[in-house]
Protein chains: 4
Amino acid sequence: MTESFSKIAARYEVILFDAYGVLKNSGGVMPGVLDVLTRFADTGKRMYVVTNDSSRSPEVMARTYEHPKHGSLIGADHHVTSGLLAAEFLRSKVRSGRVAYLGKPSAAYYIESAGLEPVPVSQCAPDAEVRALVLLDDEGFDWQNDLNRALNLLRAQNIPVVVANADPTYPVDTHNVSIAVGSLGDLLERIVHKRFIRFGKPDALMYAYAYAHACMQDASLDKRKVLMVGDTLDTDILGGNKFGIDTVLVLSGNTRRETALREIESTGIIPDYVCESILD
Amino acid sequence: MTESFSKIAARYEVILFDAYGVLKNSGGVMPGVLDVLTRFADTGKRMYVVTNDSSRSPEVMARTYEHPKHGSLIGADHHVTSGLLAAEFLRSKVRSGRVAYLGKPSAAYYIESAGLEPVPVSQCAPDAEVRALVLLDDEGFDWQNDLNRALNLLRAQNIPVVVANADPTYPVDTHNVSIAVGSLGDLLERIVHKRFIRFGKPDALMYAYAYAHACMQDASLDKRKVLMVGDTLDTDILGGNKFGIDTVLVLSGNTRRETALREIESTGIIPDYVCESILD
Amino acid sequence: MTESFSKIAARYEVILFDAYGVLKNSGGVMPGVLDVLTRFADTGKRMYVVTNDSSRSPEVMARTYEHPKHGSLIGADHHVTSGLLAAEFLRSKVRSGRVAYLGKPSAAYYIESAGLEPVPVSQCAPDAEVRALVLLDDEGFDWQNDLNRALNLLRAQNIPVVVANADPTYPVDTHNVSIAVGSLGDLLERIVHKRFIRFGKPDALMYAYAYAHACMQDASLDKRKVLMVGDTLDTDILGGNKFGIDTVLVLSGNTRRETALREIESTGIIPDYVCESILD
Amino acid sequence: MTESFSKIAARYEVILFDAYGVLKNSGGVMPGVLDVLTRFADTGKRMYVVTNDSSRSPEVMARTYEHPKHGSLIGADHHVTSGLLAAEFLRSKVRSGRVAYLGKPSAAYYIESAGLEPVPVSQCAPDAEVRALVLLDDEGFDWQNDLNRALNLLRAQNIPVVVANADPTYPVDTHNVSIAVGSLGDLLERIVHKRFIRFGKPDALMYAYAYAHACMQDASLDKRKVLMVGDTLDTDILGGNKFGIDTVLVLSGNTRRETALREIESTGIIPDYVCESILD
């Protein structure tokens with residue numbers, strides 16, 4: 001059922017990778033991945049990471065793909081994170097002032113990078129002067145206290161709410177997952193009945209952003225020469241399909257070999273290819 | 001727009017009260033309420049509390065309505081709690097063994113009363129031998145740790161999940177609300193894509209239970225002689241309407257005078273009467 | 001994996017049957033079913049049909065179970081239909097006047113039986129004088145015209161909306177299904193953002209109604225002596241479980257042998273028994 | 001509360017207009033609109049129509065904005081329709097073969113323009129050889145027959161489903177609305193539990209497409225010089241906000257003066273400006 005990833009990749013000029021489950025896992029970058037990326041770089045492929053992880057800056061993420069010999073394989077400017085799109089929203093629509101957030105202090109990078117002042121929700125009374133609320137990450141705060149604080153903030157003030165990572169869960173080891181900030185956003189949104197602004201796959205804006213960046217270097221780039229590689233049907237593959245680019249589902253992460261076909265059938269999300277991993 | 005509650009109540013034999021926002025608030029039983037209940041008791045009305053609160057036993061709840069002179073006005077056996085229905089489910093369907101729960105230790109009463117052994121989720125590994133998971137209350141556990149534990153328990157085992165309180169939020173003071181265990185149940189249910197079993201208003205089973213109890217004392221009781229009194233449209237009133245009994249919305253709790261008519265219009269949940277409070 | 005239905009049934013006093021997929025299919029009553037029902041009747045079991053079909057009256061439905069020799073096996077008064085509960089709602093809450101409906105003329109029986117005057121939606125202008133809207137059946141009207149008419153009626157007037165059959169689809173032959181009126185109710189409800197009142201399994205009120213009827217003949221009836229038999233997990237089995245009675249999933253209808261276990265696993269709706277059919 | 005649209009517009013280089021409720025209504029182009037557009041054209045503003053209407057081709061739509069003297073004011077190539085994005089999806093992902101559709105024959109333009117062969121669902125048996133299903137428009141087919149046909153097609157085959165217009169309803173006159181194809185898509189999607197691919201506002205891809213087109217003429221175009229004008233909060237304004245451009249809510253269509261502020265408050269969708277109409 002699966003095909004060779006290297007044969008498929010040979011037909012494309014630009015490759016977009018999901019990070020977690022494709023390039024790395026809880027143990028860091030997966031064995032053999034840096035060599036594959038090096039080979040692709042050598043043959044002139046342009047590579048991007050397209051990720052819903054908004055807990056750290058692109059600069060910090062890019063360090064993961066530094067080859068001991070060949071240096072940086074996917075640089076910070078080739079990382080498209082949902083946090084980056086959230087930051088662009090804040091920069092263009094909120095513009096100035098204080099912004100409340102849920103997440104680790106390192107995630108506040110995205111608020112600062114938009115020229116705004118991050119304030120943890122734990123320091124926000126319902127009448128705090130803030131211009132927006134941003135949900136960045138599931139860690140770094142007390143869920144019970146701070147979700148209740150966020151709720152009452154949103155009941156007292158009509159401010160835009162940004163969810164910088166739409167994922168419902170993320171894997172923590174081979175058996176267990178953790179509730180991600182996307183689910184905490186759903187929790188609040190259903191209670192306050194307001195429309196939150198979500199960034200991240202499967203939203204096609206992530207792919208449009210990466211494609212626009214790639215086009216800046218090669219204005220004649222054909223979408224058919226762009227490939228999305230991911231381990232999750234309803235983010236990576238759904239979004240890539242919608243944006244109109246070819247998609248590869250790899251079985252090295254979220255989606256298990258035993259259930260992949262059944263999941264494709266039951267969700268109706270159909271990747272163009274299925275591969276064991278990018279090492280294949 | 002509002003009518004006199006005492007005039008309305010005069011036409012009914014059995015009155016079902018929601019507790020919070022109708023009889024009591026965060027400061028305890030509201031001033032004047034015990035006198036009203038005494039008057040009703042004197043005129044032979046039978047009264048029930050029908051509540052989604054599963055954090056304490058009916059015995060503990062009934063103490064709230066002890067009049068200094070006249071003694072107990074609404075006894076434990078006239079308290080229909082969502083926890084009671086959950087306990088009946090556990091007794092008839094789970095029958096024996098250990099049951100994992102989220103909530104305060106006092107809420108575990110409902111598991112014990114069904115002859116089962118309560119185990120806090122914090123003590124449950126994903127492979128723990130438990131026969132069901134019950135969400136009782138939003139307090140008494142660490143949200144981040146224990147919601148993630150509950151999630152991985154449900155991913156590892158196919159056991160029934162009971163949500164003993166379907167409310168999304170509850171008021172903590174005149175301005176602020178807290179996220180209730182019903183919303184935490186929604187959060188988990190959407191992630192695991194399983195069907196949880198919910199008890200509590202607006203589910204008509206709560207009303208059927210109270211009505212059946214009232215019929216045991218008077219087999220000829222007509223539903224048209226039963227009145228539901230509540231402060232919340234989408235639990236108290238929706239459920240009472242569906243069960244086919246008359247409903248009174250009081251403005252002493254969740255629903256504010258300024259927005260009551262608009263909420264009735266926008267939700268389509270139409271009470272038979274609107275009253276300021278039961279003191280009126 | 002499956003067990004013998006006759007051995008299981010022997011342990012119960014009252015048996016509740018879903019009709020479609022259990023007792024009959026598109027070709028009428030299934031071969032052998034009348035003999036099984038006769039045998040149960042002979043051994044003193046009390047039997048009920050508990051069905052979401054609101055397209056015909058209990059009297060018409062009961063004719064299906066007339067044995068050529070033994071006469072009526074499950075009488076009209078032993079048919080609990082979602083339409084019956086809808087009629088009870090109309091009788092107690094709407095009381096008098098005209099009621100708009102979607103469905104076949106034969107379904108209007110339930111409105112008439114509540115002493116109200118049925119008016120097809122096709123004859124209702126947005127300002128028509130009607131006291132409620134009832135969705136009874138997917139047939140007997142022009143979907144495009146009349147769903148749009150119903151929508152504008154609900155935008156113009158704040159009246160209760162009753163969905164007398166909560167099923168999303170129903171089977172028409174071994175391969176194909178039809179969209180049921182429950183889905184049409186969902187369609188309208190999401191557009192108008194109002195809360196409709198739904199009757200029918202999995203709502204436990206259906207089971208409470210049947211149980212109350214059975215108790216009238218035998219006040220000491222124990223719930224553990226009542227068995228629900230159905231072919232659909234998320235109506236028959238979910239509702240029976242919630243009501244606290246034992247449940248049998250039969251594989252003679254909606255749920256196929258090949259996928260039954262996987263569906264039990266993925267939905268978390270766990271029947272007490274699985275049987276090939278009631279003939280087994 | 002409202003501001004002058006002409007003063008606001010003066011500060012932008014590119015203006016994106018929703019069509020229905022902003023430029024035209026059921027009676028055609030609104031009086032005075034062509035003069036306003038002429039004035040904008042004279043001052044060098046670039047104008048686009050960004051619409052979820054997929055019932056006709058951009059060429060046909062553009063004729064609406066032909067000024068008797070000044071000729072075409074918003075040309076076909078300045079019309080971004082959700083059908084256009086659907087067509088791009090079909091071209092890049094489906095590529096060849098037959099595509100089933102729901103809608104008027106004129107809507108099939110979008111399938112043909114992608115080099116594919118449109119087949120009305122009424123002519124599709126469940127085993128028909130089709131590569132995708134596209135929901136284009138709510139007219140031109142028999143709802144009951146063809147929605148049921150579409151449903152059984154999707155149960156029999158795992159093919160991508162595209163909804164080319166995500167709107168739930170559209171206005172037909174000052175009082176009444178019609179159910180749009182977006183709601184019919186929701187109906188089917190919830191039944192088959194598959195993920196459909198939706199195009200149209202509020203999806204930010206619509207805005208990205210218009211912005212990319214505008215950048216082709218002026219690569220230095222700043223997003224802050226782009227303005228979205230719409231009459232609907234949860235499509236026009238939500239999507240424009242998310243894409244990071246300024247937004248104007250006009251009160252000449254879906255959103256009424258009396259309820260505008262309350263809707264902004266209750267949805268949390270906050271336009272940068274509110275204007276009576278573009279004539280103001």
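Contact is taken here as heavy atoms within 4.5 Å. By this criterion, the interface between chain D and chain A draws 40 residues from chain D and 40 residues from chain A. The model is a predicted one, in which local features need pLDDT of at least 70 and side-chain atom pairs count only at pLDDT 80 or more, whereas totals for chains, interfaces and linings use all residues. Residues are numbered from 1 along each chain as its sequence is written, chains are lettered from A and ligands numbered from 1 in the order in which they are written, and side-chain values use heavy atoms, with hydrogens and water left out.

The size of an interface is often given as the accessible area lost when the parts come together. Buried area is the accessible area (1.4 Å probe) that two parts lose on being put together, summed over both. For chain D and chain A this amounts to about 3,100 Å², with 48% of it on carbon and sulfur atoms. Of the area that chain D buries against chain A, 23% is supplied by Lys93(D), Arg195(D) and Lys242(D), more than by any other three residues.

Polar contacts (pairs of N or O atoms within 3.5 Å; within protein, one must be able to donate a hydrogen and the other to accept it, and residues adjacent in sequence count only if both atoms are side-chain atoms) connect 24 residue pairs between chain D and chain A, both residues being at pLDDT 80 or more. Helices (H or I, at least four residues) and strands (E, at least two) are DSSP runs, numbered from the N terminus. Among the elements giving two or more residues to the side of chain D that touches chain A are helix 4 (82-94), helix 8 (205-217) and helix 9 (233-243) of chain D. That side has 16 nonpolar, nine polar and 15 charged residues, where Ala, Val, Leu, Ile, Met, Phe, Trp, Tyr, Cys and Pro count as nonpolar, Asp, Glu, Lys and Arg as charged, and the others, Gly among them, as polar.

A salt bridge is a side-chain nitrogen of Lys or Arg within 4 Å of a carboxyl oxygen of Asp or Glu. Over all chains, 68 salt bridges are found, and 10 are found across the interface of chain D and chain A. In one of these, Asp272(A) pairs with Lys93(D), with the closest N and O atoms 2.4 Å apart. Glu265(A) and Lys194(D) also form a salt bridge, at 3.8 Å between the closest N and O atoms. This pair runs from helix 10 (residues 260-267) of chain A to the loop between helix 7 (181-192) and strand 14 of chain D. Burial is classed by relative accessible area (buried under 20%, exposed over 50%, partly exposed in between; 1.4 Å probe, protein chains only). Glu265(A) is partly exposed at 41%, whereas Lys194(D) is buried at 11%.

Asp203(B) and Lys242(C) likewise meet in a salt bridge (2.4 Å, N to O). Asp203(B) is buried, with a relative accessible area of 16%, and Lys242(C) is buried, with 13%. Within chain C, Arg46(C) forms a salt bridge with Asp218(C), the closest N and O atoms lying 3.8 Å apart. These partners are 172 residues apart.

Helix 4 of chain C is mostly covered, as 11 of its 13 residues are buried, including Phe89(C) and Lys93(C). Just after this helix, Arg95(C) takes a positive phi of about 75°.
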